[in-house]
Amino acid sequence: MISVPVIEKTKQTKRDFLTLLDYSQEEIIDLLDDAFQLELQPIQPILQGKTLAMIFEKSSTRTRVSFETGMLQLGGHALFLSSQDLQLGRGEPVSDTAKVLSGYVDAIMIRTFGHDKIEELANHASVPVINGLTDLFHPCQALADLKTIYRLKGKFTGVKTSYLGDGNNVAHSLMIAAAKVGMDFTIGCPVGYEPNQEIVEKVMEIAKQTGATIEVTTNPIDAVKDADIVYTDVWASMGQESEQQKRLLAFKDFQVNDALVQFAKDDYHFLHCLPAHREEEVTASIIDGEHSAVFEQAENRLHVQKALLKKLLV
């Protein structure tokens, strides 16, 4: 006779990481503190026996390698799952996938297109869901940006970060992050490529509480004037390749080059979330020059993601 044990599953309150709008200033600072500590002590078996499912519907270098390495260094395991590896690619509902994976793994990270998909996944998953990137937000990148800026400047208050280019997912999350920690933020973008107005309005409300100054302008010189940090991203993100030529014309005055950075502070630092297209959104003289911190910024993806995994899984 088979003896069937009675298994009682403890109901736990889970926390997702879909956008920094859901996290307080204190929580963000705590994540950054942990990231600095984990950089000093990278190998800690605090996630032994834990598994992270990583769903990729968009290609990735930094997101995949940083999460996979981070789980390994913390004693856990990461599973790489492309959309074609899963039944999602054959039409299985997101809700079914969420429930099935919740029975196997301890957390799910997804890198996808529409933000509605990750919200649906989080609504049906009983384990934490992490936003590795959607068309609307890129919060993991923004955490790495904050860590990089703090290491470079030693503070957030009184620091001006200027973002030039498309009002995209990276811009949205960086704008939210800046407002949350009280850092001044200006985005300069061509007419028609401004950030989502609803997000801008939410950020303005946050800034009233933290003292940050948030500005949106269509003048690249005004955007970069007296900047401590100059930041850009590709002009055509994944899924926008058909708009490449149109965007090259629209964004030509927003290229980060030697002429434009003359309006920033003398000791400015240049950031880019990568991958970069040299001689399009930024010249080689800038991204490979003495003011660039893009590879430290990329490395910080590892440290902040480990801090995030620790917060959600320990």
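The legends below describe several close-up views of one predicted model.

In this predicted model, local features need pLDDT of at least 70 and side-chain atom pairs count only at pLDDT 80 or more, while totals for chains, interfaces and linings use all residues. Residues are numbered from 1 along each chain as its sequence is written, and side-chain values use heavy atoms, with hydrogens and water left out.

**View 1**
A disulfide is a covalent bond between the sulfur atoms of two cysteines, and here the term is applied to a pair of cysteine sulfur atoms within 2.5 Å. The structure holds 0 disulfides. Cys140 takes part in none, and its nearest cysteine sulfur, that of Cys273, is 13 Å away, which is too far for a bond. Residues are called buried under 20% relative accessible area, exposed over 50% and partly exposed in between, using a 1.4 Å probe and protein chains only. By this scale Cys140 is buried, at 1% relative accessibility, and Cys273 is buried as well, at 7%.

Rings of Phe, Tyr and Trp (its six-membered ring) are taken as a pair if their centres lie within 6.5 Å, and the pair is stacked if the planes are under 30 degrees apart, edge-to-face if over 60, and tilted otherwise. The whole structure contains 7 aromatic pairs, one of which is formed by Phe36 and Tyr150, an edge-to-face pair with 6.3 Å from centre to centre and 65° between the planes. Because Phe36 lies in helix 1 (residues 25-40) and Tyr150 in helix 5 (residues 139-153), this pair ties together parts that are 114 residues apart in sequence. Helices here are DSSP runs (H or I) of at least four residues and strands are runs (E) of at least two, both numbered from the N terminus. Tyr150 is partly exposed, with a relative accessible area of 37%. The rings of Tyr150 and Phe156 make a tilted pair, since their centres are 5.3 Å apart and their planes stand at 55°.

**View 1. Charged side chains over aromatic rings.**
A charge is said to sit over a ring if NZ of Lys or CZ of Arg is within 6 Å of the ring centre and within 35 degrees of the ring normal. Lys147 lies over the face of Phe36, at 4.2 Å from the ring centre. The charged end of Arg15 is placed over the ring of Tyr23, 4.0 Å from its centre.

**View 2. Helix 5 and the residue that follows.**
The expected span of a helix is 1.5 Å times one less than its number of residues, so the 15 residues of helix 5 should span 21 Å, and this agrees with its end C-alpha atoms, which are 21 Å apart. Helix 5 is mostly covered, as 13 of its 15 residues are buried. Just after this helix, Gly154 takes a positive phi of about 75°.

**View 3. Strands 8 and 9.**
Two strands are said to pair if DSSP finds at least two bridges between them. Strand 8 (residues 229-232) and strand 9 pair in the parallel sense over 4 bridges, and Thr232 stands opposite His272 in strand 9. In a regular strand the side chains alternate between the two faces of the sheet. In strand 9, His269 and Leu271 point one way and Phe270 and His272 point the other way, and all are buried.

**View 4. Backbone angles in two loops.**
Most residues other than glycine have a negative phi, and most peptide bonds are trans. A cis peptide bond, with omega about 0°, joins Leu274 and Pro275, and Pro275 is found in the loop between strand 9 and helix 10. Glu279 belongs to the loop between strand 9 and helix 10, and has a positive phi of about 75° although it is not a glycine. Asp226 has a positive phi near 60°; this residue is in the loop between helix 8 (220-224) and strand 8. Glu279 is partly exposed at 49% relative accessible area, and Asp226 is partly exposed at 42%.

**View 5. The surroundings of Glu280.**
Glu280 is in the loop between strand 9 (269-272) and helix 10 (284-287), and is partly exposed, with a relative accessible area of 21%. Not counting residues up to four places away in sequence, Glu280 touches Trp235, Gln244, Leu248 and Gln255, where contact means heavy atoms within 4.5 Å.
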